[in-house]
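Subject: Structure handover

Dear colleague,

Please find the structure below, with its sequence. My notes on it come after.

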Amino acid sequence: MTILVAVVTYNSERLIADLIAGLRSGLDGMKWHLTVADNASADGSVALVRSLAPEATVVEMGRNAGYAAGINAAVAASPAYDAILVLNPDVRLTPGCVPRLLAALRTPGTGIAVPHLVDGSGTLIHTQRREPSVLRTLGDAFLGARRAGRFRLLGEVVTDPRAYDVETFTDWAEGSTQLISAECWSRIAPWDESFFLYSEETDFALRARDAGLRTRYIPDAHAVHLEGDSRVSPGLWALLTLNRVRLFRRRHGRVRTSAYWAALVLRESSRAALGKRPSRAATRDLLTPSRLREVPGPASVVRSKPRI
């Protein structure tokens with residue numbers, strides 16, 4: 001069995017040494033190949049990968065093409081594989097993580113396996129997700145994500161800690177660490193590059209679920225995700241919110257999407273009223289029709305920041 005490790009880098013030089021060390025630990029005893037797609041990093045990311053992992057394949061994208069495009073390019077440039085480990089550069093695998101995920105892929109109906117994640121301080125990350133809905137967005141708005149997430153109908157993020165103690169199927173999971181079977185990739189791929197960043201993993205997992213290949217959470221497979229800045233960056237949070245609307249519209253049409261959009265406006269505007277800058281950016285973009293129509297890209301994030 002060969003595991004393809006697909007990593008997308010963007011000015012990730014400070015993360016690469018620990019990433020590669022973690023791969024050797026988390027994949028110990030397995031046959032694997034690392035492919036890095038670099039989105040035009042301005043630092044020494046590419047040179048460091050080639051220095052520390054000379055056997056790796058490096059794909060230089062030549063531009064910041066987005067996360068989905070990087071994953072697609074990495075897979076396309078790689079030798080034969082039996083499963084694909086999609087991995088953020090700020091994830092650190094623990095010993096035995098990937099073998100346990102690989103074993104889970106053999107469970108009938110499983111196309112994607114995801115581990116138990118903690119942050120840099122050891123705190124559980126709520127990675128399990130339910131399919132987005134109007135009611136769940138309203139539950140988040142009125143109860144808060146943590147409280148609403150304890151109830152299946154009212155929260156998208158699964159927050160009941162007991163749900164992270166048992167192996168289970170989930171509608172989708174956050175995309176930093178996912179082992180995807182070769183069958184799932186061949187039937188469902190590619191990842192949708194039109195999202196640029198955020199919602200691409202949601203779209204892929206829901207399409208896989210529609211095809212009978214579900215996402216399985218494995219509690220005894222462990223990894224550490226140092227995490228990005230979407231929760232604190234106004235531009236990135238606005239992009240995340242807009243992509244939620246775009247994804248919902250693709251799956252449910254314009255009428256139901258209008259209700260979903262209104263629920264998101266309520267949620268973000270209520271938080272903006274409390275002084276949360278990311279929600280102020282998201283509210284402004286949700287209320288700007290042209291922002292919902294355009295295809296997102298690097299400029300989307302940059303334009304959102306000065307408007308705060």
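The model is predicted, so local features need pLDDT of at least 70 and side-chain atom pairs count only at pLDDT 80 or more, while totals for chains, interfaces and linings use all residues. Residues are numbered from 1 along each chain as its sequence is written, and side-chain values use heavy atoms, with hydrogens and water left out.

Cavity. A search of the whole structure gives one cavity of 30 Å³ or more. A cavity here is a set of points on a 1 Å grid over the protein atoms alone where a 1.4 Å probe fits but cannot get out, and lining residues have an atom within 4 Å of a point. Grid points are joined across faces, edges and corners, and the volume is the space filled by probe spheres set on them. The largest cavity holds about 50 Å³. Its lining consists of E131, P132, L206, R244, L247, F248, R251, H252 and Y260. Helix α9 (residues 234-272) supplies the largest share, six residues; helices (H or I, at least four residues) and strands (E, at least two) are DSSP runs numbered from the N terminus. By class, five lining residues are nonpolar, one is polar and three are charged (Ala, Val, Leu, Ile, Met, Phe, Trp, Tyr, Cys and Pro are nonpolar; Asp, Glu, Lys and Arg charged; the others, Gly among them, polar).

Helix α4. In α4 (residues 97-105), C97, V98, L101, L102, A104 and L105 are buried (under 20% relative accessible area, 1.4 Å probe, protein chains only). They lie on the same side of α4, because they cover an arc of only 155° around the axis, taken from the directions from the helix axis to the C-beta atoms.

Aromatic contacts. There are five aromatic pairs, counted where ring centres of Phe, Tyr and Trp (its six-membered ring) lie within 6.5 Å; planes under 30 degrees apart are stacked, over 60 edge-to-face and the rest tilted. Y164 and Y217 are edge-to-face, with centres 5.5 Å apart and planes at 80°. This pair ties together parts 53 residues apart in sequence, since Y164 lies in the loop between α6 (145-148) and β8 (168-170) and Y217 in strand β11 (residues 214-225). Both Y164 and Y217 are buried. W191 and F204 form a tilted pair, 5.7 Å centre to centre with 40° between the planes. W191 is buried at 1% relative accessible area, and F204 at 0%. Ring pairs also link Y67, W185, W191 and F204 into a cluster.

Regards

Note on methods. On a 1 Å grid over the protein atoms alone, a cavity is a set of points where a 1.4 Å probe fits but cannot get out, and a pocket is an open set with protein on both sides within 12 Å along at least five of seven lines; lining residues have an atom within 4 Å of a point. Buried means under 20% relative accessible area, exposed over 50%, partly exposed in between (1.4 Å probe, protein chains only).
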